[in-house]
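Welcome, and thanks for taking a look at this model. The report below begins with one residue and then widens out to the chain.

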Amino acid sequence: MTRKSLRTFRRSLALVAVAGMLGMATACGGSDAGQSQDGPVEIRFSWWGNAGRAELTTKAIQEFEAANPDIKVKPEYGDISGYFDKLATQVAANDAPDVITMGGAYPAEYANRGALLDLSKAGSALDLSKLDQGALENGQVKGTQYGVSTGANALAIVVNPAVFQAAGVSLPDDSTWTWDDFARIAGDITSKSPKGTYGTATVLTHDSLDAFARQRGESLYTQDGELGLGKDTVKEYFDFSVKLSESGAAPSASETVEKLNVSTEQTLMGMGQAGMMLTWSNSLSALSKASGAELKLLKLPGEKPTPGIWLQSSQFYTISARSKHTEAAAKLVNFLVNNESAAKIIQSDRGVPSNAGMRTAIQDLLTPTGKVEAEYIDQIGKMDFAPTYIGPTGSTAVSEITARINTEVLFKRLTPEKAAEQWLSESKAAIGK
């Protein structure tokens with residue numbers, strides 16, 4: 001989240017609280033009464049993503065409307081860079097879409113402020129009995145179901161074998177490689193490639209800090225909603241980040257900032273100018289299409305002896321607590337996660353389906369990259385890794401704090417040690433701990 005979007009998010013949520021959303025009775029917020037008498041109801045459905053996702057989602061909506069002629073769906077979508085700015089403003093103005101796609105800690109942020117529907121109130125229109133138990137739990141906040149997982153996802157190193165080959169660098173063994181191996185390999189690729197091509201597309205991300213912590217027996221957050229990592233781990237993270245940039249293994253500080261919040265097509269990996277990129281596994285298809293290359297997925301470096309990886313819901317479908325058509329909204333969510341027609345259209349675009357029946361339905365339809373994603377998730381699912389906990393209220397700010405302080409480190413305005421101290425201080429303040 002950018003600094004601007006964070007300010008918008010906080011300001012908007014304050015307005016939500018003033019509007020009385022915190023205490024609203026969500027059960028009476030959404031009636032579909034009059035649907036048959038007054039003609040079709042219209043619900044709004046928001047998501048983020050590229051043109052390819054929009055095309056697939058539009059097809060799924062058309063299938064839903066054909067099966068539910070009394071419900072019309074108005075799509076609202078855009079790039080991730082402005083998505084949550086717009087959503088925060090809409091919620092504050094009591095103009096939220098009926099079905100809202102969210103990710104990360106956002107369901108907790110909005111649910112804890114009364115902006116999302118408790119899905120137990122959706123009735124028989126929404127059947128969650130066929131979803132994997134882990135996927136169900138990922139959508140819960142303090143034991144209450146607010147989100148429905150769109151599919152499973154995991155951190156991965158996306159690699160472009162063509163870039164490796166052109167540089168004369170061998171692909172690593174992802175069952176044994178370390179972070180030092182990652183830095184060395186990335187540096188080799190940069191030094192042996194044309195100017196503008198790098199070994200790794202970015203320096204580290206907020207998600208890789210979480211993995212760093214888990215590989216050290218810690219965690220970003222504890223079950224009680226506190227920070228679960230110490231200063232040494234955060235310092236190591238910033239040390240490694242600046243090492244990648246200074247060595248040329250990753251882009252310079254200025255280039256890194258330029259590439260923040262860009263579309264898939266504008267990333268270095270998407271432009272075919274990177275050997276590796278740490279990102280989420282379900283981005284493989286979009287990155288492959290953008291780059292025109294046959295990309296692969298590798299496990300994170302440093303996974304032995306303690307795995308830092310985890311399975312996470314790629315995204316969540318949520319329903320606004322202020323929706324006037326909760327039954328229609330619930331029917332749409334149910335269709336997206338439980339209907340074979342939708343599954344065959346969307347396939348793995350929003351992660352590998354959390355419904356086993358849907359996984360079976362799409363198995364033979366997946367593109368080569370889709371199959372790679374599914375195989376990777378299956379591989380990760382067999383690993384013995386520590387549980388992960390959804391971020392507490394305020395944790396969306398921690399992502400912004402991480403990116404901002406990392407930028408300060410890259411530009412040499414903070415040492416890694418001072419950066420670690422500042423990160424811990426600001427992050428504790430953000431989550432109120």
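## Serine 314

Serine 314 counts as buried because its relative accessibility is 12%, where buried means under 20% relative accessible area, exposed over 50% and partly exposed in between, with a 1.4 Å probe and protein chains only. The loop that holds serine 314 runs between strand 14 (312-313) and strand 15. Helices (H or I, at least four residues) and strands (E, at least two) are DSSP runs, numbered from the N terminus.

Which residues does serine 314 touch, leaving aside its neighbours within four places in sequence? The contacts are Thr150, Gly151, Ala152, Asn153, Asn282, Arg350 and Gly351, contact meaning heavy atoms within 4.5 Å. Take glycine 151: its C-alpha atom and that of serine 314 are separated by 5.6 Å, although the two residues are 163 apart along the chain.

## How the model is read

This is a predicted model, in which local features need pLDDT of at least 70, side-chain atom pairs count only at pLDDT 80 or more, and totals for chains, interfaces and linings use all residues. Residues are numbered from 1 along each chain as its sequence is written, and side-chain values use heavy atoms, leaving out hydrogens and water.

## Strand 3 and its partners

Strand 15 (residues 316-319) pairs with strand 3 in the antiparallel sense, over four bridges; two strands pair if DSSP finds at least two bridges between them. Here threonine 318 of strand 15 is the bridge partner of isoleucine 100. Strand 3 also runs parallel to strand 1 (residues 41-48), joined by two bridges, and phenylalanine 45 stands opposite valine 99 of strand 3.

Which way do the side chains of strand 3 (residues 99-102) point? Val99 and Thr101 point one way, Ile100 and Met102 the other, and all are buried.

## The chain overall

The protein chain has 17 helices and 15 strands. Its radius of gyration is 22 Å, close to the 22 Å that the globule rule gives for 433 residues, so the chain is as compact as a globular protein of that length. The radius is taken over C-alpha atoms, and the rule is 2.2 Å times the number of residues to the power 0.38. Along its principal axes, the C-alpha trace spans about 70 × 50 × 35 Å.

Of the 433 residues, 55% are buried. Contacts between residues at least 6 apart in sequence join residues at least 24 apart in 77% of cases.
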